[in-house]
Amino acid sequence: MTNAPILIIAIPLLAAFLTHLTKYARARRGAELVAFSALLASAYFLLTTAPVVLSDQVIKYNLGGWSAPFGISLQLDGLSFFFSAMVLGVGLLILVYSLGIYLYARRYYSLLLIAIAAILGIVLTRDIFNMYVFFEMLAVASYVLITYKHKPRTIIASFKYLVMTEATWVFFLLAIALLYSLTGSLNMDVIAAQLPQIYQAQPHMVYLIFSIMLISFGIKCGMFPLHTWIPEANSQAPTPVSGLLSGLILKVGLYAMLRVFFLFFGSTLLAQGVGNIIIFIGIISLIFGAGMALVQVELKRLLAYSSIGQIGFILVGLGLATQWGLQGALFHIFNHAMIKTALFFCAGIIISQTGFWRLNQMKGIWRQMPGVTFAFCLLSLAVIGIPPSNGFVSKFFIIEAVLLKQNCLIMFCLFLGILLTAACYFRVIQTFFSPSEFHHKQDFIPQPVGHFEHLATYIFTFLCVVIGLFPTVIINLIQPAVRVLLP
Amino acid sequence: MGFNGLTVGIIIILLGLYGVLTRKNTIKMVMCLYIMSSGVVLFFVSLGYVTDGQAAIFEDGSRLMVDPLPQAIMLTTIVIGLVITSLTLALALRIYEEYKTVDVRDLINKQND
C-alpha cells in the first residue's frame with residue numbers, strides 16, 4: 001500500500017552511517033544537520049500515514065515482497081503510531097538538548113540515531129525474532145551511549161547493565177525457540193492465532209513462555225526486582241542519554257509487554273487473571289521506587305528511582321487490562337516520557353552549572369537559575385499528578401480503572417505511592433528554595449550551559465502544561481491504540 | 001527423552017547462567033555470557049534437526065530435509081553474540097585500565113570509597 005513503515009525505520013538508520021561521512025563535508029555542523037533532517041523526514045512519513053491509521057485501519061508492509069507467514073512484515077496500527085510519534089517527538093528534543101553539549105561529536109549522533117531507529121523498529125515489527133534483533137541493536141547502542149563521557153563509573157554502570165540484560169535476553173531467545181517449536185512460525189499473527197489451542201493442550205508451556213517474556217521485558221522497563229541497573233546507569237550517563245534511557249528505553253519494554261501480552265495471551269492468560277501478577281509487581285515497584293527516591297542524596301539518582309516508581313504506576317494500569325486502565329497506562333507512558341526527560345534536562349543544567357552532584361549542596365539554586373527552578377517545580381507537579389498538569393489526567397484514568405474494579409487495597413497502595421512521590425519532590429523543591437550556603441567544595445569544574453539546553457527543557461515544560469489543559473488531543477491519539485489492544 | 005541437542009543446549013545455558021551468577025572475575029563473566037549464547041544456538045538449531053535430513057536445496061524431487069529457518073536465524077544470533085562479547089570485553093578492559101582489577105568485589109569496594 002505504502003512504503004512509509006520501512007522508511008520510518010530506514011531513514012534514521014541510514015543517517016546514522018551518513019553522520020560519519022560528514023567528516024569529509026564542508027558543512028560546519030554536518031552531523032547535527034543529518035541527524036535532524038533524518039528525524040524530521042521520519043516524522044514526516046509517519047504523519048502521512050496518520051489519516052489512515054487514526055481511522056482504525058492497518059498499514060502492512062512485507063519486507064522484500066515476501067508475504068506474511070514467510071517474510072518479515074511491518075505493521076503500522078494505532079498502538080505503533082502512538083509510540084512512534086512519542087519516540088520521534090522526544091527524540092527530536094533530546095537532539096536539541098545535545099546540540100549545545102556535543103559539538104561535532106559524530107559518533108554520539110550516530111549512536112543516538114541507531115538507538116532511535118531500533119526503537120522504531122521494535123515498535124513497527126510484526127515478527128518476534130526481528131523484535132529480538134532490534135532490541136539487541138538498541139541495547140548495544142545504549143551500552144556505548146552510557147559510557148560516552150568515559151568517566152570510570154559509567155563503564156561499571158554499563159558493564160552491569162550489559163551483563164544483566166544479556167543474561168536475561170538469552171532466555172527470551174529460548175522463549176522464541178519454544179514458540180517456534182509449538183507453532184512453526186515467527187510471525188506474531190500466526191503465533192497469536194495458534195496459542196489458544198496450544199493453551200488447551202499444554203497450558204504449562206504457555207505459562208513458561210509468559211514468565212520468560214515477563215522477566216525479559218521487565219528488565220528493560222525496570223520493574224521491581226530487576227531494576228538494579230537503572231539508578232547506576234541513569235545517574236552516571238551524560239544528561240541527554242539519561243533522558244533517552246528514562247524517557248524512551250524504559251518505555252520500549254512497556255511497549256513490548258503491551259503488544260506481545262495482549263496479542264499472544266489476551267484471550268487465555270490475561271482472561272484467567274494473570275494480570276494480577278503484573279498489578280502486584282507494579283505496586284511493589286511504585287512503593288519501592290518512590291520510597292527509595294525519598295532517601296537519595298544525589299539529584300539524578302533520585303530521578304532514576306522515581307522513574308521506577310512511575311513505571312510501577314503504569315504497570316498497574318497495564319495489568320488491569322480494562323479500557324480505562326490501558327488508556328491511563330498509555331497516557332502515563334506518554335507523559336512520563338516527556339516529564340522525566342525534562343526533569344533530567346533540568347537536573348543536567350543545574351549540575352553542570354553549579355558543579356554539584358548532591359542535593360544538599362544545591363540550596364538556594366533559585367536565585368542563580370530562576371527559570372530552570374520554575375520549570376523543575378512545574379514538572380514536579382506534573383509527575384506527582386497535581387491538576388493543571390498532564391500527570392494528573394493519566395493518574396486519574398488509572399485510579400478510575402481501579403475504582404471500577406472496586407479494589408481498596410490497590411487504591412490504598414496507589415495513594416501511598418503518590419504521597420511518597422510528592423514527599424520526595426517537595427523535598428527537592430524545598431532544597432532549591434531554602435537559604436543558600438556557599439561553603440561547599442565543588443565536585444567538578446562547572447561549565448556554562450547554552451541556549452539549546454534551556455530551549456529543550458522549556459519546550460517540554462510548556463507541552464506538559466498545555467497537554468494538562470487540553471488532554472483530549474492526546475486522548476484522541478490513544479483511543480485507536482486502546483482499540484488495537486482490546487478488540 | 002534422549003540425550004539430544006535440545007537437552008545439551010539447555011544444560012549449556014544453565015551452566016553459563018551459573019557462571020554469570022557466581023564468577024567474580026569480569027573476563028570469566030564475559031566467557032559465561034558467550035557460553036549461554038552458544039547453548040541457545042545449539043537448542044534452536046536442534047529444533048529443526050531431522051534424522052538423516054539434508055540441506056534444503058532440491059535438485060531432483062522432494063527429499064527428507066532439515067528445517068532451514070532455525071539455521072538462518074541462528075546465524076544472526078551468532079553475529080549478535082559476537083558483537084556483545086567484543087563490546088563486553090572492551091568494557092572489561094577499560095575497567096581494568098581504570099581500576100587495575102578484574103575482581104567484581106574489589107570494584108564494589110573501590111567504588112564506595
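Helix 4 of chain A and helix 14 of chain A are roughly parallel to each other, where roughly parallel means an angle under 35 degrees. The model is predicted, so local features need pLDDT of at least 70 and side-chain atom pairs count only at pLDDT 80 or more, while totals for chains, interfaces and linings use all residues. Residues are numbered from 1 along each chain as its sequence is written, and chains are lettered from A and ligands numbered from 1 in the order in which they are written.

**Helix 4 and helix 14 of chain A**

- Helix 4 (residues 78-101) of chain A and helix 14 (residues 323-354) of chain A pack at an angle of about 5°, and their axes are 11 Å apart. Helices (H or I, at least four residues) and strands (E, at least two) are DSSP runs numbered from the N terminus. Axes are lines fitted to C-alpha atoms, for helices over the stretch in contact, and angles run from 0 to 180 degrees between N-to-C directions.
- From helix 4 of chain A, the residues Phe82(A), Met86(A), Val90(A), Ile94(A) and Tyr97(A) meet Leu330(A), Phe334(A), Ala337(A), Met338(A), Thr341(A) and Phe345(A) of helix 14 of chain A. Two residues are in contact if their C-beta atoms, placed from the backbone, lie within 7 Å.
- The contact of helix 4 of chain A with helix 14 of chain A comprises ten nonpolar residues, one polar and no charged. Ala, Val, Leu, Ile, Met, Phe, Trp, Tyr, Cys and Pro count as nonpolar, Asp, Glu, Lys and Arg as charged, and the others, Gly among them, as polar.

**Helix 11 and helix 13 of chain A**

- Helix 11 (residues 239-264) of chain A packs with helix 13 (residues 299-320) of chain A at an angle of about 20°, with axes 11 Å apart. That angle makes helix 11 of chain A roughly parallel to helix 13 of chain A.
- Ser242(A), Ser246(A), Leu250(A), Leu254(A), Met257(A) and Leu258(A) of helix 11 of chain A meet residues of helix 13 of chain A, including Lys300(A) and Ala304(A). By class, this contact of helix 11 with helix 13 of chain A has eight nonpolar, three polar and one charged residues.

**Strands 1 and 2 of chain A**

- Strand 1 (residues 59-62) of chain A pairs with strand 2 of chain A in the antiparallel sense over four bridges; two strands pair if DSSP finds at least two bridges between them. Tyr61(A) stands opposite Leu74(A) in strand 2 of chain A.
- In strand 2 (residues 73-76) of chain A, Ser73(A) and Gln75(A) point one way and Leu74(A) and Leu76(A) the other way, and all are buried. A residue is buried if 20 or more other C-beta atoms lie within 10 Å of its own, exposed if 12 or fewer, and partly exposed in between, with C-beta atoms placed from the backbone.

**Contact between chains A and B**

- The contact takes 21 residues from chain A and 27 residues from chain B. Helix 7 of chain A gives the most to the side of chain A that touches chain B, with 16 residues.
- Ile95(B) is found in helix 3 (residues 68-99) of chain B and counts as buried, with 20 C-beta neighbours inside 10 Å. Beyond its neighbours within four places in sequence, Ile95(B) is in contact with Ile155(A), Ile156(A), Phe159(A), Thr26(B) and Leu107(B).

**An exposed residue of chain B**

- Leu64(B) lies in the loop between helix 2 (26-47) and helix 3 of chain B and counts as exposed, with 9 C-beta neighbours inside 10 Å.

Terms used. Angles under 35 degrees count as roughly parallel, over 145 as roughly antiparallel, 65 to 115 as roughly perpendicular and the rest as oblique.
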